[in-house]
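Reader: I am new to this structure and would like to learn how to read it, one feature after another. Could we begin with a single side chain and work outwards from there?

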Amino acid sequence: MHACMHINTCIQCMKYVHAGMLACNVHLLPPVKLSHMHPQVLYLHGNQVWHLSEVLKLQQLPQLRKLTLHGNHIAEQKNYKLWVLAHLPNLRSLDFSTVTNLDRDKVDTWFKGYQKAQAAKC
């Protein structure tokens, strides 16, 4: 495991993420400025990420296919998996579990309801 203690160091470590696991011990994901690297695998489990909105930063990585976030506080939130898959539709694996067609169907159904609920709040 490659461990880094600060966000700035974490950004530098991310280039090695394809070769191993990354434990940054961060609360917020750094802004993604690695799209030129086209990472397909990102291991971010076991950190301190609290807000699902942090996942939106990963939308700038369209080549991302495998992601781990378990062990973060966000993984304990209601509809965590559905929310992540709805916002990162290119993922094929989340937390070492394959994303199935049934998962995609559930995401589509859930996200339509989620969008309606968000629109009703406005």
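Author: Let us start with one pair, keeping in mind that this is a predicted model. The side chain of Glu54 makes a polar contact with the side chain of Lys57, at 2.8 Å. As for its place in the chain, Glu54 belongs to the loop between S3 and S4.

Reader: Is Glu54 buried or exposed?

Author: The general idea is to compare the relative accessible area with a cut-off, since a residue counts as buried when that value is under 20%. For Glu54 the relative accessible area is 8%, so Glu54 is buried.

Reader: How should I read helix H3, and which of its residues are buried?

Author: One can begin with the length: at 1.5 Å a residue, the 21 residues of helix H3 (residues 101-121) should span 30 Å, and the end C-alpha atoms are 30 Å apart, which agrees. The buried residues of H3 are Asp103, Arg104, Val107 and Trp110. Seen down the helix axis, these buried residues fall within an arc of 135°, so they line one face of H3. Helix H2 (80-87) and S6 are included in what covers them, whereas the face of H3 turned away from the buried side carries exposed residues, among them Asn101, Thr109, Lys112 and Lys116.

Reader: Which residues have the most contacts inside the largest nonpolar core?

Author: The general idea is that in soluble globular proteins, nonpolar side chains tend to be buried together. Here the largest nonpolar core has 23 residues, and those with the most contacts inside it are Leu67, Leu69, Val84 and Leu91. The elements that give two or more residues to this core are H2 and H3, and the largest share, six residues, comes from H2.

Reader: What is Leu69 in contact with, leaving aside its neighbours within four places in sequence?

Author: With those neighbours left aside, Leu69 is in contact with residues including Leu44, Val55, Ile74, Tyr80, Val84 and Asp95.

Methods
Residues are numbered from 1 along each chain as its sequence is written. This is a predicted model: local features need pLDDT of at least 70, side-chain atom pairs count only at pLDDT 80 or more; totals for chains, interfaces and linings use all residues. Side-chain values use heavy atoms; hydrogens and water are left out. Helices (H or I, at least four residues) and strands (E, at least two) are DSSP runs, numbered from the N terminus. The expected span of a helix is 1.5 Å times one less than its number of residues. Buried means under 20% relative accessible area, exposed over 50%, partly exposed in between (1.4 Å probe, protein chains only). The arc is that of the directions from the helix axis to the C-beta atoms. Contact means heavy atoms within 4.5 Å. A polar contact is a pair of N or O atoms within 3.5 Å; within protein, one must be able to donate a hydrogen and the other to accept it, and residues adjacent in sequence count only if both atoms are side-chain atoms. A nonpolar core is a set of buried Ala, Val, Leu, Ile, Met, Phe, Trp, Tyr and Cys residues joined through side-chain atoms within 4.5 Å.
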